[in-house]
Amino acid sequence: MKRFAPGVWPTLIVLLLLPVLISLGFWQLERGEQKRLMLSQYNERRAAVPVSIGELLYAEVPAWRRVHIRGHFDSAHSVLLDNSIRDGRAGVELLQPFMDHASGLWLLVNRGWLPWKDRRARPVVNTPNNVQELDAWVYVPARAPFQLEPDAPQGSWPRLVNAVFADQLWSELGREGYPHELRLEPGPVAYRVDWPVVAISPEKHVGYAVHWFALSTALLCLYLYRGRVLGRTAQEDKHGNRHEPHRHA
């Protein structure tokens, strides 16, 4: 009977690492399925007819819903979202308060990305003064924006920030506003508005899962191979020691 003797430490290492590697693989598969569902909901809602802000207020899940708004921008309180990269170029996203005439609510409208070449001066933006009719969609982040520390208070405008919190802006300005950001669809007053829906595609998550499963398979194969080799060596040594006294005799 062939002996299997991988050793104590290799066994402990495999017992520790193998469940972790397999769990990471299934976690990536789960994340990929979540992204597929997210993309499906996004495409479904982006294909729908835009609703009014009044109708949007009754939506249980407002994310990605299209809205039609009519009103005017407040160019005096612009917000610049920093650390935004497009095609390897640094820039900012321009967000401005927008008074929706139909609902009487203030909306924080993201007009898109624009390059920022010289950081010694704020980017120059053009804001129309007349009444605008625009189509946009609701952006609700999947998780709270990550910040090492909150943005420092600033008295001047436009304000440079690392994360956007619409409710905090309305509280500071003393206005009644919608709590989520609205992102403009392409149009005359929009800058670059090609936001990615997900940072990592479902296909990449599947690829990562295959990677973790491959590592777990390789670890198990190495463990079994080591156990067979060491077991055979130990068995041969045992037989050799058993016949050694007969040779001396």
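This is a predicted model: local features need pLDDT of at least 70, side-chain atom pairs count only at pLDDT 80 or more; totals for chains, interfaces and linings use all residues.
Reader: Is I69 buried or exposed?

Author: I69 counts as buried, because its relative accessibility is 0%.

Reader: Nice. Could you zoom out for me? How many helices and strands are in the chain?

Author: The chain has four helices and seven strands. Starting at the N terminus, the elements go α-α-β-β-β-β-β-β-α-β-α.

Reader: What share of the residues is buried?

Author: Buried residues account for 35% of the 249 in the chain. As for contacts, take those between residues at least 6 apart in sequence: 69% of them join residues at least 24 apart.

Reader: Now the aromatics. How many aromatic pairs are there?

Author: The count is five aromatic pairs. One of them is F26 with F213: the ring centres are 5.2 Å apart and the planes are at 75°, so this pair is edge-to-face.

Reader: Which parts does that F26 and F213 pair tie together?

Author: F26 belongs to helix α1 (residues 8–46) and F213 to helix α4 (residues 202–248), so the pair ties together parts 187 residues apart in sequence. F26 counts as exposed because its relative accessibility is 52%, while F213, at 24%, counts as partly exposed.

Reader: Are Y42 and W64 buried or exposed?

Author: Y42 counts as buried because its relative accessibility is 14%, and W64 counts as buried because its value is 11%. Ring pairs also link Y42 and W64 with W137 and W195 into a cluster.

Reader: Let's switch to helix α3. Which of its residues are buried?

Author: Helix α3 spans residues 166–173, and its buried residues are A166, L169 and W170. They are on the same side of α3, because they cover an arc of only 95° around the axis.

Reader: What covers that buried side, and what does the other face carry?

Author: The cover over the buried residues of α3 includes β2 (79–86), β3 (89–100), β4 (106–115) and β7 (177–184). The face turned away from the buried side carries the exposed residues Q168 and S171. Just after α3 comes G174, which takes a positive phi of about 70°.

Reader: You mentioned β2. How many residues of β2 are buried?

Author: Six of its eight residues are buried, so β2 is largely enclosed by the rest of the structure.

Reader: Which strands does β2 pair with, and in what sense?

Author: With β3, β2 pairs in the antiparallel sense over six bridges, and the bridge partner of V79 in β3 is L95. With strand β6 (residues 159–161), β2 runs parallel and is joined by three bridges; there, the partner of L80 is L160.

Reader: How many residues lie between the strands in the hairpin of β2 and β3?

Author: The hairpin has two residues between the strands, and D87 takes a positive phi near 55° in this hairpin.

Reader: Last topic, the UniProt record. Which residues does the "transmembrane region" annotation cover?

Author: In the unreviewed UniProt entry, "transmembrane region" covers residues 7–27. In the model, that stretch is 95% helix and 0% strand, with its end C-alpha atoms 30 Å apart.

Note on methods:
Residues are numbered from 1 along each chain as its sequence is written. Side-chain values use heavy atoms; hydrogens and water are left out. Buried means under 20% relative accessible area, exposed over 50%, partly exposed in between (1.4 Å probe, protein chains only). Rings of Phe, Tyr and Trp (its six-membered ring) pair if their centres lie within 6.5 Å; planes under 30 degrees apart count as stacked, over 60 as edge-to-face and the rest as tilted. The arc is that of the directions from the helix axis to the C-beta atoms. Contact means heavy atoms within 4.5 Å. Two strands pair if DSSP finds at least two bridges between them. UniProt positions are given in the numbering used here, feature names are shortened, and annotations may be inferred rather than shown by experiment.
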